[in-house]
Amino acid sequence: MRSLKTLEDISDGRIYDIEDTVKAGTGGCDGCSACCHDVGELVVLTPFDVYEMVSGLNVSFDELLIDKLELRENNKIVLPHLKMYGDSKRCSFLGIENRCIIHGHRPDICRLFPLGRVYEDDDCKYFLQVGSCMKSNLEKVKVKEWIGIKNNHENKAFILAWYRLLKALTFRLKFVRDDQELETINKSLLDIFYRMTLKDEEDFYSAFLRCLPEAKNQLSII
Ligand code: SF4
Ligand code: SF4
């Protein structure tokens with residue numbers, strides 16, 4: 001029987017905060033694209049990830065679903081993931097020179113790698129996924145700079161709120177057996193958060209917070 005790996009097994013045993021320094025810098029990856037293959041199941045996209053792609057590429061969520069993203073179900077929740085192509089399962093955003101064509105708008109999970117995020121006590125921090133990157137001798141970098149996201153504070157508040165929402169929805173859906181009801185709930189989730197329209201002067205984070213109470217109501221979660 002295969003045993004489940006613990007955080008201690010896959011990390012260097014340390015938990016890092018945003019201002020900490022960690023040996024995670026790949027120095028541009030030198031043509032490697034190993035972690036951009038066969039990650040369709042792993043890279044679950046948040047509404048912020050999709051917002052970044054939609055605004056950066058000037059396309060709609062539904063246009064991305066034609067050939068760049070795909071919907072996958074896990075624990076009865078349907079969420080968008082990166083789409084992979086070919087025998088080597090290349091990410092749809094991996095360019096011909098093995099560079100990410102949406103580097104500035106890449107998803108949260110891609111930004112973090114080889115870091116991962118750990119959630120505890122209504123907070124989240126980071127860990128180093130030891131041995132997961134093909135490059136040896138990773139450079140020391142500040143976590144904040146490695147992730148390279150603007151408005152860290154608001155981004156973290158969004159990530160925690162999204163994590164709590166998915167956790168509550170996972171619990172709620174355990175009791176839903178009717179396929180039609182599941183389909184309606186999942187459609188609402190996608191419509192509210194992934195097809196969200198920002199009002200004038202509104203940024204992503206304030207739009208998300210505006211939609212959150214009504215979404216909880218519609219999805220019947222606390
Ligand atoms: S495996 Fe490491 S070096 Fe290779 S593309 Fe990913 S982050 Fe870069
Ligand atoms: S979005 Fe970019 S960084 Fe992420 S897996 Fe695809 S090509 Fe790689």
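# Close-up views of a predicted model

**View 1. Ligand 1 and the residues around it.** In this predicted model, domain 1 (10-26 + 114-148) and domain 2 (27-113 + 150-219) each give at least three residues to the shell around ligand 1. The shell consists of Thr26, Cys29, Cys32, Ser33, Ala34, Cys35, Phe113, Pro114, Cys133, Met134 and Lys135. By class, 8 of these residues are nonpolar, 2 are polar and 1 is charged.

**View 2. The peptide bond between Phe113 and Pro114.** Phe113 and Pro114 are both among the residues around ligand 1. The peptide bond that joins Phe113 to Pro114 is cis, with omega at about 10°. Pro114 sits in the loop between α4 (108-112) and β6.

**View 3. Ligand 2 and the residues around it.** The shell around ligand 2 includes the cysteines Cys36, Cys91, Cys100 and Cys110. Val39, Leu82, Phe93, Leu94, Ile102, Arg106 and Pro107 also surround ligand 2. In terms of class, 10 residues of this shell are nonpolar and 1 is charged, with no polar residue.

View 4. The chain is divided into domain 1 (10-26 + 114-148) and domain 2 (27-113 + 150-219). Between the C-alpha centres of domain 1 and domain 2 the distance is 21 Å. The contact brings together 16 residues of domain 1 and 13 residues of domain 2. On the side of domain 1 that touches domain 2, two or more residues come from each of β6 (115-120) and α5 (143-147). Strand β6 supplies the largest share of that side, 4 residues. Sorted by class, the side of domain 1 that touches domain 2 has 7 nonpolar, 4 polar and 5 charged residues.

**View 5. Helix α7 against helix α8.** Helix α7 (residues 179-194) packs with helix α8 (residues 204-219) at an angle of about 175°, and their axes are 10 Å apart. The two helices, α7 and α8, are therefore roughly antiparallel to each other. On α7 the contact is made by Ile185, Ser188, Leu189, Ile192 and Phe193. The residues of α8 that take part are Cys211, Ala215, Gln218 and Leu219. Of the residues in this contact of α7 with α8, 7 are nonpolar, 2 are polar and none is charged.

**View 6. Helix α6 against helix α8.** Helix α6 (residues 152-173) and α8 pack with their axes 11 Å apart, at an angle of about 10°. With that angle, α6 is roughly parallel to α8. The crossing of these two helices, α6 and α8, is left-handed. Glu154, Phe158, Ala161 and Leu169 in α6 meet Tyr205, Phe208, Leu212 and Leu219 in α8. This contact of α6 with α8 has 7 nonpolar residues, no polar residue and 1 charged residue. Leu219 of α8 takes part here and is also listed in the contact with α7.

**View 7. The backbone at Asn75.** Asn75 belongs to the loop between β2 (69-74) and β3 (77-82). Phi of Asn75 is near 50°, which is a positive value in a residue other than glycine.

Key:
Residues are numbered from 1 along each chain as its sequence is written. Chains are lettered from A and ligands numbered from 1 in the order in which they are written. This is a predicted model: local features need pLDDT of at least 70, side-chain atom pairs count only at pLDDT 80 or more; totals for chains, interfaces and linings use all residues. A residue is near a molecule or strand if its C-beta atom, placed from the backbone, lies within 6 Å of it. Ala, Val, Leu, Ile, Met, Phe, Trp, Tyr, Cys and Pro count as nonpolar, Asp, Glu, Lys and Arg as charged, and the others, Gly among them, as polar. Domain bounds come from an automatic or database domain assignment. Axes are lines fitted to C-alpha atoms, for helices over the stretch in contact, and angles run from 0 to 180 degrees between N-to-C directions. Angles under 35 degrees count as roughly parallel, over 145 as roughly antiparallel, 65 to 115 as roughly perpendicular and the rest as oblique. Two residues are in contact if their C-beta atoms, placed from the backbone, lie within 7 Å. A crossing is left-handed if the near helix is turned anticlockwise from the far one by less than a right angle, and right-handed if clockwise.
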